[in-house]
Amino acid sequence: MKGHVARKRFGQNFLIDQGIIGAIVSAINPARTDTVVEIGPGLGAITIPLLERVDRLHVVEIDRDLIARLKKQHTPERLSIHEGDALAFDFASIGSDLRLVGNLPYNISTPLLFHLASYGQQVRDMHFMLQKEVVERMVAEPGCADYGRLSVMLQYSFWLEWLIDVPPESFDPPPKVDSAVVRLIPKPPEQINARDPERLSALVQAAFAQRRKMLRNNLKGILDDAGFAALDIAPTLRPEDLPVEDYVRIANYLTN
Ligand code: SAM
């Protein structure tokens, strides 16, 4: 690995499969002037082929050793390095119409997806490598065991497309699990119709607090039987039975 010891705490599994790297870059298909932002460039597996396609690339990286290597290899005019934690990074500070990409550190992928869900207005699209199990949860439909808070909150804001399956041997060191590449495209503002997004987020969190319980129990103190009746939603349903639109309807009812 070119003299770098992979750090587990930063979720470092470096892509080494040129076929997969090529497929990711083709899926993004960047134009020279696109504002592409890579989260966690690492040793540059995706960074270098992206740099061949765009005039300037932004990267967000937390590991100081990797940042020092990147600084030696690339000029700031071509590679703009943002040092720090992607979980706390303000992506809007780079601009708008952003194209985000990353082989994401698995240990922070779920909180990072929730963080990025709030940047729909600044983002054109996102292409991420994630644990396959996380992608299954992202795209799950109501009634499935995988359908949960992540599915509702991401499907509310984005169209999701499962693109590529990636086996452990495509990485060094190989992770213990399978991976997949997924594309997220923000929905237009007129389709994002929760009047109070924070209320929707709090509602979904409460609804799935105990997924085997009925909605009536999980939403105690939030939505009473009269509210369920007004919305024509059975209080005996489980949280996984409710489609995204119904969560939005409940949130808007509570906002009124
Ligand atoms: N893109 C490289 C590749 O595909 O080989 C590296 C991918 S590796 C799975 C994850 C990368 O994210 C590492 O470079 C790691 O240092 C970086 N990283 C981990 N936690 C991070 C965080 N909180 N913010 C920004 N980068 C992070």
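Which loop does Asp232 lie in? Asp232 lies in the loop between α9 (225–231) and α10. Helices are DSSP runs of H or I with at least four residues, strands are runs of E with at least two, and both are numbered from the N terminus.

## Basis

This is a predicted model; local features need pLDDT of at least 70, side-chain atom pairs count only at pLDDT 80 or more, and totals for chains, interfaces and linings use all residues. Residues are numbered from 1 along each chain as its sequence is written, and side-chain values use heavy atoms, leaving out hydrogens and water.

## Overall fold

The chain has 10 helices and nine strands. Its radius of gyration is 20 Å, close to the 18 Å that the globule rule gives for 256 residues, so the chain is as compact as a globular protein of that length. The radius is taken over C-alpha atoms, and the rule is 2.2 Å times the number of residues to the power 0.38. Along the principal axes, the C-alpha atoms fill a box of roughly 65 × 35 × 30 Å.

Buried residues make up 48% of the 256 residues. Buried means under 20% relative accessible area, exposed means over 50%, and partly exposed lies in between (1.4 Å probe, protein chains only). Contact means heavy atoms within 4.5 Å. Of the contacts with a separation of 6 or more, 64% come from residues 24 or more positions apart.

Most residues other than glycine have a negative phi, and most peptide bonds are trans. Asp232 is not a glycine, yet has a positive phi of about 60 degrees. At 71% relative accessibility, Asp232 counts as exposed. Asn29 also has a positive phi, near 45 degrees. Asn29 is found in the loop between α1 (18–28) and β2.

A cis peptide bond joins Asp172 and Pro173, with omega about -10 degrees. Pro173 sits in the loop between β8 (171–172) and β9 (179–186).

## Aromatic pairs

The structure holds four aromatic pairs. Rings of Phe, Tyr and Trp (its six-membered ring) pair if their centres lie within 6.5 Å; planes under 30 degrees apart count as stacked, over 60 as edge-to-face and the rest as tilted. Phe89 and Phe91 form an edge-to-face pair, 4.9 Å centre to centre, with 85 degrees between the planes. Both Phe89 and Phe91 are buried.

In another pair, the ring centres of Phe208 and Tyr247 are 5.8 Å apart and the planes are at 35 degrees, so the pair is tilted. Phe208 lies in the loop between α7 (197–207) and α8 (215–218), and Tyr247 in helix α10 (residues 244–255), so the pair ties together parts that are 39 residues apart in sequence. Phe208 and Tyr247 are both buried. Phe89, Phe91 and Tyr119 form one aromatic cluster.

## Charges over rings

A charge sits over a ring if NZ of Lys or CZ of Arg is within 6 Å of the ring centre and within 35 degrees of the ring normal. The charged end of Arg9 sits over the ring of Phe10, 4.7 Å from its centre. Arg149 lies over the face of Phe114, 4.1 Å from the ring centre.

## Helix faces

What are the buried residues of α7? They are Leu200, Leu203, Val204, Ala206 and Ala207. Seen down the axis, the buried residues of α7 fall within an arc of 160 degrees, so they line one face of the helix. The arc is that of the directions from the helix axis to the C-beta atoms. The buried residues of α7 pack against α6 (149–157), α8 and α10. The face turned away from the buried side carries exposed Pro197 and Glu198.

In helix α5 (residues 132–139), Val134, Val135 and Met138 are buried. They cover an arc of only 100 degrees around the axis, which puts them on the same side of α5. The cover over the buried residues of α5 includes α4 (109–116), β6 (123–131), α6, β7 (158–166) and β9.

## A buried glutamate

Glu38 is in strand β2 (residues 35–39). At 1% relative accessibility, Glu38 counts as buried. The side chains of Glu38 and Thr47 are joined by a polar contact of 2.6 Å. Such a contact is a pair of N or O atoms within 3.5 Å; within protein, one must be able to donate a hydrogen and the other to accept it, and residues adjacent in sequence count only if both atoms are side-chain atoms. Not counting residues up to four places away in sequence, Glu38 touches Ile46, Thr47, His58, Val59, Val60 and Val101.
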